[in-house]
Amino acid sequence: MLNQIFDKVRDGERLSLADGLELFESNDLLTIGMMAEHVRWKKHPKPVVSYIIDRNINYTNVCVTECTFCAFYAKVGDDKKSYTLSNDELGRKIQETIDLGGSRILLQGGLNPELGLDYYEDTFRFIKSNYKIWLHALSPEEVVFIAEQSGLKTREVIKRLIDAGLDSIPGGGAEILVDSVRDKIAPKKCTSDEWLGVMYEAQKLGLKTTATMMFGHVEDYQDRLQHMIVVRELQDITGGFTAFIPWTFQPRNTELAENHDNLREKSSAFDYLKTLAISRLMVDNVDSIQVSWVTQGLKIAQIGLRFGADDFGSLMIEENVVSAAGTKHFSGFSLSHITRAIKSAGFEPVQRYI
Ligand code: SF4
């Protein structure tokens, strides 16, 4: 059944939505994995898997967006749970990251109405003038929010943030880039077009960005494919996405799982590996496909390296969002766990710095 698609893959022909649906509806996981491996070796002929040492710093957990899948945020005025980091706290975390060999911080937070554009500019300037660190910060959702709060266009906000030290933009908040899905899981979040619009503007201004996809909740296969296709279409125009990172919805402690009994079980390893491989096949113009060991654990992540992925993501010195949803794969791993996992899957681990 999959022979024709495999022929297209071997010929370097772009797969259609219908091809993607056929792959998703097939249970021939190993053949799908072989197709993804074929593309992986064509793009990355060396047996090398990259990783980065960085820290996810969530500068605030105050958020007005109230996404139903999020176990991390605190409501405005929730004085017991809410926080916003001071520069001293930020600085300490960054110095620890540098001391542990880290090269980048991923700075993201909730949509906190008390923080204006000047807060971000001051914070970025503080970071860049005191620490030699790559600043991977603010998902499109945050950029849209800051623009709304400040009455500026998103392009102007991005330009000012670049002037203040922004180096690249993480692909968070993409969830599924289909508005009917977003309306169900995060009705207050920016639209798919707004998310893509920020990425377009940032990439046109010279920033590199990544793209994520959170799946395994209310979306169907067609939605996942639509997400992959809109990222692919934008990449055709800008070439600014460096990596595509699919990861599974983590249900514990979330309103979304509370209200949907069938979502309490996490997406299976089978579904994850199939989606990872299909990402490699469909998103044919983004160089790097990243495994998510934080949500899948090291063992499934290792197998993911044979399903099209070429990057192991980050040895995160700190992570708060997935941990808040009860996922503990993260706890206690050191660099040697990551490099050993990569080596024992048959690859040479290579640290990247941004
Ligand atoms: S996912 Fe982000 S935007 Fe949504 S509620 Fe959580 S912190 Fe806010």
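Hi everyone, let's start with Arg306, which forms a salt bridge with Glu37, their closest N and O atoms 3.7 Å apart. This pair links distant parts of the chain, 269 residues apart: Arg306 sits in the loop between α14 (298–304) and β8 (311–316), and Glu37 in helix α3 (residues 29–43). Helices (H or I, at least four residues) and strands (E, at least two) are DSSP runs, numbered from the N terminus. A salt bridge here means a side-chain nitrogen of Lys or Arg within 4 Å of a carboxyl oxygen of Asp or Glu, and the structure holds 16 of them.

A word on the model: it is predicted, with local features needing pLDDT of at least 70 and side-chain atom pairs pLDDT 80 or more, while totals for chains, interfaces and linings use all residues. Residues are numbered from 1 along each chain as its sequence is written, and side-chain values use heavy atoms, without hydrogens and water.

Now, the ligand. Around it are Cys63, Thr65, Glu66, Cys67, Phe69, Cys70, Tyr73, Gly110 and Lys189, counted when a heavy atom lies within 4 Å.

Finally, helix α6 (residues 140–150) holds Glu148. What else would you like to look at together?
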